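Open the model in your viewer and keep the sequence panel beside it. The tour goes from one selection to the next.

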Amino acid sequence: MLQTQAEITKYFSPQERRGRLAAFAKVTLFFPQGNQDGDFVIHNVQVLERSDSTLRVSMPPQRKGNGEIVEDINGFWREVCHPINAETRQSIVNAVMTEFT
């Protein structure tokens with residue numbers, strides 16, 4: 001089973017928030033029989049506040065040289081990396097939200 005550890009690296013209070021960004025997190029993945037210090041790390045995972053005030057976890061987006069976020073043909077952010085299956089995504093989301101709340 002995949003072990004996941006998260007750390008909130010930057011928190012924005014509701015008064016500090018610019019737009020929907022509530023926090024940045026670092027996620028470390030530990031694979032079975034892997035390294036005790038972690039096997040894969042994801043920096044700049046975002047905690048975003050939706051319009052209905054619920055929170056969601058977003059993988060770091062690709063950016064152009066000018067800092068603009070790259071979108072696919074459907075208008076969705078292109079992620080630098082992302083989980084391949086729902087179990088891994090849920091493990092990441094749970095770890096980040098546990099640390100955030």
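Buried here means under 20% relative accessible area, exposed means over 50%, and partly exposed lies in between (1.4 Å probe, protein chains only). This is a predicted model, in which local features need pLDDT of at least 70 and side-chain atom pairs count only at pLDDT 80 or more, while totals for chains, interfaces and linings use all residues. Residues are numbered from 1 along each chain as its sequence is written, and side-chain values use heavy atoms, with hydrogens and water left out.

**Stop 1: F12**

Select F12. F12 counts as buried because its relative accessibility is 10%. Helices (H or I, at least four residues) and strands (E, at least two) are DSSP runs numbered from the N terminus.

**Stop 2: R17**

Go on to R17, in the loop between β1 (3–11) and β2 (21–30). Is R17 buried or exposed? R17 has 18% relative accessibility, so R17 counts as buried. Show the side chain of R17: one of its polar atoms lies 3.0 Å from the backbone oxygen of F12. A polar contact is a pair of N or O atoms within 3.5 Å; within protein, one must be able to donate a hydrogen and the other to accept it, and residues adjacent in sequence count only if both atoms are side-chain atoms. Leaving aside neighbours within four places in sequence, R17 is in contact (heavy atoms within 4.5 Å) with Y11, F12, A22, E49 and F100.

**Stop 3: the aromatic pairs**

Rings of Phe, Tyr and Trp (its six-membered ring) pair if their centres lie within 6.5 Å; planes under 30 degrees apart count as stacked, over 60 as edge-to-face and the rest as tilted. By this rule there are 2 aromatic pairs. Y11 is partly exposed at 42% relative accessible area, whereas F100 is buried at 16%.

Then select F12 and F24, an edge-to-face pair with 6.2 Å between centres and 70° between planes. F12 sits in the loop between β1 and β2 and F24 in strand β2, 12 residues apart.

**Stop 4: helix α1**

At the start of α1, a side-chain oxygen of N85 comes within 3.3 Å of the backbone nitrogen of E87. Next colour the buried residues of α1: T88, I92, A95, V96, M97 and F100. These buried residues pack against β1, β2, β3 (40–49) and β4 (55–58).
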